[in-house]
Amino acid sequence: MGRLYMRRDELALIILYLNKAEARDKICRAIQFGSKFLSGGHPGTAQTVDKNTSLARKVFRLFKFLNDFHLLISPVPKGTPLPLVLLGKSKNALLCTYYFLDQFVWLGRSGIYKNKVLTELIRSFAIFCWLGSSLCNIAIQIGELIMHSSTMKKMEKELKDDEEQDKETDRAKLQKTKDRILVLIKSSMDTVVAIGLLHLAPFIVTPRVTGAFGFVTSLISCYQLLPGRRKLKTP
């Protein structure tokens, strides 16, 4: 019976995870870029799965631009340096534009809107916005890590030498730094994915490279959405 209760609890966590639209989107993203990696840009079953999954994902992102628009108009925490504020707002503006334009791409890809040339132009501009937001996020995480680097060694020393101090707070700060490093890695890889989707360096960032990097960033996103993990906020 004990094992049955444990399995039931595990199943409840899985259901809780899959009930998130964002989690389903990232799982589909992993399938999409995994298929892109397998196809290598060549026609076949894998490429068909890549294109169909890409179109299916766009339904999950309808009106998602409102999330970043809300962050764009929301006040930032007091004491946040101006450069980080500007980078954060730029990131929100670019992501908001990306998700807004992505709806028109969905209209074109689903056949509702018939102008394929304009659809591809909108798609390219939207991906450029996503590329810009990834670069802004890289700068934000580097800035935050630089700000915290001066206190990292001190916190680690206190964790070892001062047994009476509240270690939970210090460990939370260390975990926050690790989360920022993970976000930095993910944003850097997303930059490569955007370059691949835009065909800016076709001989270096091939469809297979794009698929591999996109698959890894999708797994990172799935990990970040696990129940019990605190979402990292950026200005």
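**Cysteines and salt bridges**

There are 0 disulfides here, a disulfide being a pair of cysteine sulfur atoms within 2.5 Å. Salt bridges, on the other hand, come to 11, each one a side-chain nitrogen of Lys or Arg within 4 Å of a carboxyl oxygen of Asp or Glu. This is a predicted model, so local features need pLDDT of at least 70 and side-chain atom pairs count only at pLDDT 80 or more, while totals for chains, interfaces and linings use all residues. Residues are numbered from 1 along each chain as its sequence is written, and side-chain values use heavy atoms, with hydrogens and water left out.

**Cysteines**

- Cysteine 129 has its closest cysteine sulfur in cysteine 96, at 9.9 Å, which is too far for a bond.
- Cysteine 129 is also buried, at a relative accessible area of 6% (buried is under 20%, exposed over 50%, partly exposed in between, with a 1.4 Å probe and protein chains only).
- For cysteine 222, the closest cysteine sulfur belongs to cysteine 28, and 9.5 Å is too far for a bond.
- Cysteine 222 counts as buried too, at 14% relative accessibility.

**Salt bridges**

- Arginine 57 pairs with aspartate 25 at 2.9 Å, N to O, linking helix 3 (residues 45–60) to helix 2 (residues 21–39) across 32 residues; helices are DSSP runs of H or I, at least four residues, numbered from the N terminus.
- Lysine 186 meets aspartate 190 at 3.2 Å, about one turn along helix 7 (residues 167–198), and both are buried.

Methods:
Helix = DSSP H or I, 4+ residues; strand = E, 2+ residues; numbered from the N terminus.
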